[in-house]
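Student: I'm new to this structure, and I'd like a close look at a single part. Could you walk me through it slowly?

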Amino acid sequence: QSALAAADPSVRNKQATADMHNAKDALTVAARNIASLIYGTPSVTDGMKLAAGLTVRAHPTPWPVPPTYPSLDIVSVSARPVRVRLHDNSGEGKRNKPFMVKGATVMSYVGETAPIDPAQWALQGTTTKSIFDVTFASSLAPGTTVWLSAMWVNEKLQAGNACPPVSVSFGSAAVA
């Protein structure tokens with residue numbers, strides 16, 4: 001307050017102005033430290049923060065586990081890469097990921113029938129893209145059936161339900 005009074009326009013000089021700015025900066029730092037203590041004290045309610053003139057911080061909205069599963073389409077099969085497209089299956093005209101979905105986890109299984117036990121599936125990875133390639137070993141014989149499935153994941157990588165498995169056969173154009 002004394003630094004502000006010394007910087008009165010009738011008696012203002014460079015030293016008085018510099019002192020005023022330094023005092024203001026020190027006051028700002030002290031106020032922020034006090035506000036941090038208030039925000040960090042669990043017993044201080046939102047009402048008490050408002051009464052102190054502080055902003056009440058919004059509580060973050062939790063990212064729910066995705067309630068739906070993706071639709072998985074085989075776009076093409078050329079040699080070993082299989083081009084896959086994932087999209088929303090809600091039927092609301094959406095072509096890609098639903099709201100609050102970060103990406104998808106993709107799994108595969110090599111065999112004639114898709115297994116029921118999730119432990120038998122091999123993890124291919126997690127992707128944020130709707131169209132991507134899944135590459136398989138070149139040692140797979142022509143005509144080998146590979147099953148693919150995917151599940152949406154949220155920001156915390158919590159997975160939803162897996163989509164129905166889709167099969168593709170190498171060395172032929174058969175896609176089921």
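Tutor: Let's begin with strand β6 (residues 145-153) and β8, which pair in the antiparallel sense over 4 bridges. Two strands count as paired if DSSP finds at least two bridges between them. The strands themselves are DSSP runs (E, at least two residues; helices are H or I, at least four), numbered from the N terminus. This is a predicted model, where local features need pLDDT of at least 70, side-chain atom pairs count only at pLDDT 80 or more, and totals for chains, interfaces and linings use all residues. Residues are numbered from 1 along each chain as its sequence is written, and side-chain values use heavy atoms, with hydrogens and water left out.

Now look along β8, residues 166-169: V166 and V168 point one way, S167 and S169 point the other way, and all are buried. Buried means under 20% relative accessible area, exposed over 50%, and partly exposed in between (1.4 Å probe, protein chains only). Across the pairing, V146 stands opposite V168 in β8.

Next, find T145 in strand β6. T145 has a relative accessible area of 9%, so this residue is buried. Its side chain and that of S169 are joined by a polar contact of 3.5 Å. Such a contact is a pair of N or O atoms within 3.5 Å; within protein, one must be able to donate a hydrogen and the other to accept it, and residues adjacent in sequence count only if both atoms are side-chain atoms.

Beyond its neighbours within four places in sequence, T145 is in contact (heavy atoms within 4.5 Å) with S167, V168 and S169, and also with Y109, V110, G111 and E112.
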